[in-house]
Amino acid sequence: MWWILFIVCQAVVIISGIRNERRAGLWSSSKFVFSLGFAALDLVILWAPLYFLDANSSWFVQAMTAAGIVAALNFIWFIIVSRRWKLPDGRTSLQAYRDEHPDK
């Protein structure tokens, strides 16, 4: 039953984040869809060994380790790409963050 509360809290955080980004002029629908696609890809990478291999298999630990490494490298690649993503006004996400937080 706790999972329902978790989903509602997650929805509230996502919706408020989208509204704040739109208000600040930093919202990008394509970046949001790219993020969802990235999350789905990482989920598939991490779940594949669980689905295709038996937990008692001698290859299970190696497959999960490899999946974890690939998912971590994919996450690093995602951060690099998303920081260079162009916003509707032509700035990158990193430039927009620096403009919003000049003291950091």
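Quick housekeeping. This is a predicted model, where local features need pLDDT of at least 70 and side-chain atom pairs count only at pLDDT 80 or more, while totals for chains, interfaces and linings use all residues. Residues are numbered from 1 along each chain as its sequence is written, and side-chain values use heavy atoms, with hydrogens and water left out.

Back to H1, residues 2-24. Its 23 residues reach 33 Å from first C-alpha to last, close to the 33 Å expected at 1.5 Å a residue; the expected span is 1.5 Å times one less than the number of residues.

H2 next. Its 24 residues should span 34 Å, and the end C-alpha atoms are 34 Å apart, which agrees. Still, H2 bends by about 30 degrees at Leu46, with Pro49 following within four residues. The bend is the angle between axes fitted to the seven residues ending at a residue and the seven starting there.

Which residues of H2 are buried? Phe38, Asp42, Ile45 and Pro49, where buried is under 20% relative accessible area, exposed is over 50%, and partly exposed is in between, with a 1.4 Å probe and protein chains only. An α-helix has 3.6 residues a turn, so residues three or four places apart point the same way. Helix H3 (60-83) is included in what covers those buried residues.

Now Asp42, in H2. Asp42 is buried yet has no salt bridge, and the nearest side chain of opposite charge, Lys31, is 16 Å away. A salt bridge would need a Lys or Arg side-chain nitrogen within 4 Å of an Asp or Glu carboxyl oxygen; Lys and Arg count as positive, Asp and Glu as negative, with His and chain ends not counted. Leaving aside residues up to four places away in sequence, Asp42 touches Ala71, Asn74 and Phe75, contact being heavy atoms within 4.5 Å.

Last topic, aromatics. Phe, Tyr and Trp rings (the six-membered one for Trp) pair if their centres lie within 6.5 Å; planes under 30 degrees apart are stacked, over 60 edge-to-face, the rest tilted. That rule gives six aromatic pairs. Trp27 and Phe32 are a tilted one, 5.5 Å centre to centre with 40 degrees between planes. Phe34 and Phe78 are stacked, at 5.5 Å and 25 degrees. That pair links distant parts of the chain, Phe34 in H2 and Phe78 in H3, 44 residues apart.

Definitions and conventions. Helices (H or I, at least four residues) and strands (E, at least two) are DSSP runs, numbered from the N terminus.
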